[in-house]
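This report is written for a reader who is meeting the structure for the first time. Please look over the sequence and the model before reading on.

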Amino acid sequence: MAFIELKNLGQKRDGRHILSGVNLSVERGESVALIGPTGAGKTTLLRLLDMLDKPATGKILIDGVNVTSSEKERLATRRRMAFVLQKPVVFNLSVYENVAYGLKWRGLDRHQIREKVNHILETVELTKYSKRNARTLSGGEMQRVAIARAIATSPEVLLLDEPSANLDPVSSAKIEDLISKIIRENAITVIMATHDMAQGQRLAHKICVLVNGEIVQTGNAQQIFELPKNREVAEFVGMENILDGVVATNKSGLAVIKVGGKEIETVTKFGAGKEVSLCIRPEDVTVALARLSSSARNRLAGTISWVAFNGPLCRLEIDCGFPLIALVTKRSAVEMKLKRGVKVYGIIKVVSIHVIERQD
Amino acid sequence: MKKILGILLVVVLVVGLLPLVAGCSSDTVDPLAAKVRLKVGTTTSLYDTGLWSYLEPKFEEMYDCEVDILSLGSGAAFEYAKKGDIDVLTIHSKADELKFIADGYGIERVPFAFNYFLIVGPESDPAGIKDMSPADALKKLMETGAGTFVSRGDNSGTHSKEKAIWAEAGYDYATQVVGAGDWYVEAGGGMGATLTMANEKNAYTLTDMGTYVSYKSKLNLVPIVNSGSILLNVYSVIVVNPDTIKTLKHADLAQKMVEFLTSPEIQELIGKYGVDAYGIQLFTPCAGNEPTQ
Amino acid sequence: MAEIWNGLVEAFRLIFTFDPEVMSIAGLSLEIALSSVVIGSIIALPLASLIHFNNFRGKHILVSVIQTFYSIPTVTVGLLVFVLFSHSGPLGGLDLLFTPTVMVIGQVILVMPILLGMTISALSGVDRNIIDTARSMGANSWQTMLVVLKEARFAVIAAVVLAFGRAISEVGLAMMVGGNIRGFTRVLTTAISLETSKGDWELSMALGIILIFIALVINIIMNRIQQRR
């Protein structure tokens, strides 16, 4: 039995489904990242998890007990959790009082509260601001107050909604360090929402991709990155080339797929005639001026239609009957004199191509 | 949380301590030491002369009670009494008093003092009515419109008296006098307020002697008309009938008020009241007898 | 002009010699206005929170009605209270007409719309995330309400100050249901009204100055409370 189990959880707003059929198991001590584009339902799901809203359908089990039944149960459950909201709001009180509130509500005495709050403020490096009004702090500092407030109550579950959104890169990194420190030191169960794929990868054991109110894929970072289940996940994890085609032949797994008049070889279980999409990361496309004899089976001839430099990298598009985006280092782009109109080959290894069923 | 409570506590303390600091109503609002409160509705003319402020403590001391004096026009005083909000009336509107008793609201009408009404006005006497009879004076005011007249306009005893004079002069008050012109002003206030207003407007007004004398030093108004039997002003005390108004609780004490006002000792005080201060007798005591000129 | 000057001189003499009558009138005024506002706040703050935190049919209409009553004439409240507490009225048996108690009752009714309406708008001004944050930190509904009230405290204090100002400065109600009885229900405003009608400017001015002074002191105190944050 998992620690937290969501069964067929759904939520409606203004009669519209914004979350439906969510099933998820979270083990004690596990950290889970909910990733997905804005509006996918991440915040809605977190609010349901924290018992702030009542679900339209389904239930939440904690240690096998249905905790959504009564308000009393919901409050008791909420007090085992902590939730850091996306927009850091602090009470118009001192930093100390902000952190102390949750403890007061749980009936701790003044002495216990002082000890605990001072310890937490040290953890989040805000001791020197203890007496300052929290409203006067910077965004990053406010977010640290919010996190301190959350962990002060020693929750079993920590819910984080976009913990570093709206912050500058330095503050963002600081918050991320703080969160990973908390996860490391407290063996706490964490469920966080983020639209930053990389952050999910850095902080979570398990990643759930949420699109249009549904969990479309759950897995570890590698599975999500390399084997997206459908077009939306593929787009979200950075598969910039998603090519629609039809399976021409399939000989015991090695298939030829027709895409825009060209043939691409890859490995797939789909049989001849199946409509599929090929997902290829731009960094997996090698650019060559000559038809090299490499082990790669796919060599697609085409003309560069645009080149864009971006720091040490260079992104370019090859028109080979369909647009193919490739990512090369700036150095090789300069060496090869890559620019618009140059004829090149896009080379793709069979294993770099992930085939998914085409959706309507 | 604690601070809000703290603020609240301070506020409550301040409220609680105020009576002590101010040294005022700690005995009057403390329910444990609550004394019987006798409510006396009085015509403003008795109140504004200060007579009640002078007599009130004596009665309170004598009967160990609190007397609440409500200074009202006679009209309002009758209405409050009919609703049971007043225990005893001191009033000066004979016709209304008799009707009040006939309707069963009052027990008995006991006159206890009298003086005279007079018409006062600016020394220049713009309407030229000095020393005329009251009815002729008002008639001339109406015909010439040469002066301003401020009426109480509040159904008080003084107002009733004014209406009686208009009637004698041959006018129907409601149709011919009210709204007769800009010269006729209805003040709608107590006697003192009306005198103050007449003074500001350089106008004539009908006043009782007592209030006029006690206000005289602040006024530029002089007596214009002060003779005529119609100007007799009798003050009576009436106990509101507890058989009609069942909610009344202090009828016995109210009866004591009648005895008090007509007692020789108090009658003497009433007769002397104001003599030292104004050099003139404000009230003539009449101990239960209807005065006849 | 001389009269006004003499009035002022006499006024200050009455104030600084702590004239017992002036002090008792001022004390009663303060006592009645403060009692009204404290009692009114004790009723209004939770009630306003209740209205704010619950959604029900007709809520908007209710709030509009409350706001309409901000400027209810004092004499209208006076009439209502008079009719209720007159011996011929439904609450006549309580024997409260022409007492300070009924003046407090009247003033509580008078300031209730201001306290309710302004507290509701103060609460509406609080970021909705504050409520979510409080709840997520484990506050029950009562604790949540207190947090939001505390967040809105400056605006709530402003409401209380305004209510006090209305209570201590009103004359119609105090005159009608209090009866302006000397030493019992005579407050600053009714005394000023009476003394002015009697032409007794000195006392009126002294009382008027005290009234302004009280308002000033209360506002200073409230400002200090607000500035502590």
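## Overall make-up of chain C

The model described here is a predicted one. On that basis, chain C has 11 helices and zero strands, and read from the N terminus its elements follow the order α-α-α-α-α-α-α-α-α-α-α. Taken along the principal axes, the box filled by the C-alpha atoms of chain C is roughly 65 × 50 × 25 Å.

## Helix α2 against helix α8

Two packed helices are described by the angle between their axes and the distance between the axes. In chain C, helix α2, which covers residues 20-53, packs with helix α8, residues 153-169, at an angle of about 140°, and their axes are 9 Å apart. The two helices α2(C) and α8(C) are therefore oblique to each other, since angles over 145 degrees would be needed to count as roughly antiparallel. The crossing in which α2(C) passes α8(C) is right-handed.

On the side of α2(C), the residues that meet α8(C) are C:Ser29, C:Leu30, C:Ala33, C:Leu34, C:Val37, C:Ser41 and C:Leu45, while α8(C) brings C:Val156, C:Val160, C:Ala163, C:Phe164, C:Ala167 and C:Ile168 to the contact. By kind, the residues of this contact between α2(C) and α8(C) comprise 11 nonpolar, two polar and no charged.

## Helix α2 against helix α11

Helix α2(C) also crosses helix α11 of chain C, residues 201-227, at roughly 40°, where the two axes come within 11 Å. Here, too, α2(C) passes its partner α11(C) in a right-handed crossing. The contact joins C:Val22, C:Met23, C:Ile25, C:Ala26 and C:Leu30 of α2(C) with C:Leu203, C:Leu207, C:Ile210 and C:Ile214 of α11(C), and its residues divide into nine nonpolar, no polar and no charged.

## Chain C and chain A

The size of an interface is often given as the accessible area lost when the parts come together. Between chain C and chain A the buried area is about 2000 Å², with carbon and sulfur atoms giving 52% of this area. The contact involves 19 residues of chain C and 26 residues of chain A.

Three salt bridges are found by the rule across the interface of chain C and chain A. A salt bridge also links the side chains of A:Arg47 and C:Asp132, with 2.7 Å from N to O.

Terms used
Residues are numbered from 1 along each chain as its sequence is written. Chains are lettered from A and ligands numbered from 1 in the order in which they are written. This is a predicted model: local features need pLDDT of at least 70, side-chain atom pairs count only at pLDDT 80 or more; totals for chains, interfaces and linings use all residues. Side-chain values use heavy atoms; hydrogens and water are left out. Axes are lines fitted to C-alpha atoms, for helices over the stretch in contact, and angles run from 0 to 180 degrees between N-to-C directions. Helices (H or I, at least four residues) and strands (E, at least two) are DSSP runs, numbered from the N terminus. Angles under 35 degrees count as roughly parallel, over 145 as roughly antiparallel, 65 to 115 as roughly perpendicular and the rest as oblique. A crossing is left-handed if the near helix is turned anticlockwise from the far one by less than a right angle, and right-handed if clockwise. Contact means heavy atoms within 4.5 Å. Ala, Val, Leu, Ile, Met, Phe, Trp, Tyr, Cys and Pro count as nonpolar, Asp, Glu, Lys and Arg as charged, and the others, Gly among them, as polar. Buried area is the accessible area (1.4 Å probe) that two parts lose on being put together, summed over both. A salt bridge is a side-chain nitrogen of Lys or Arg within 4 Å of a carboxyl oxygen of Asp or Glu.
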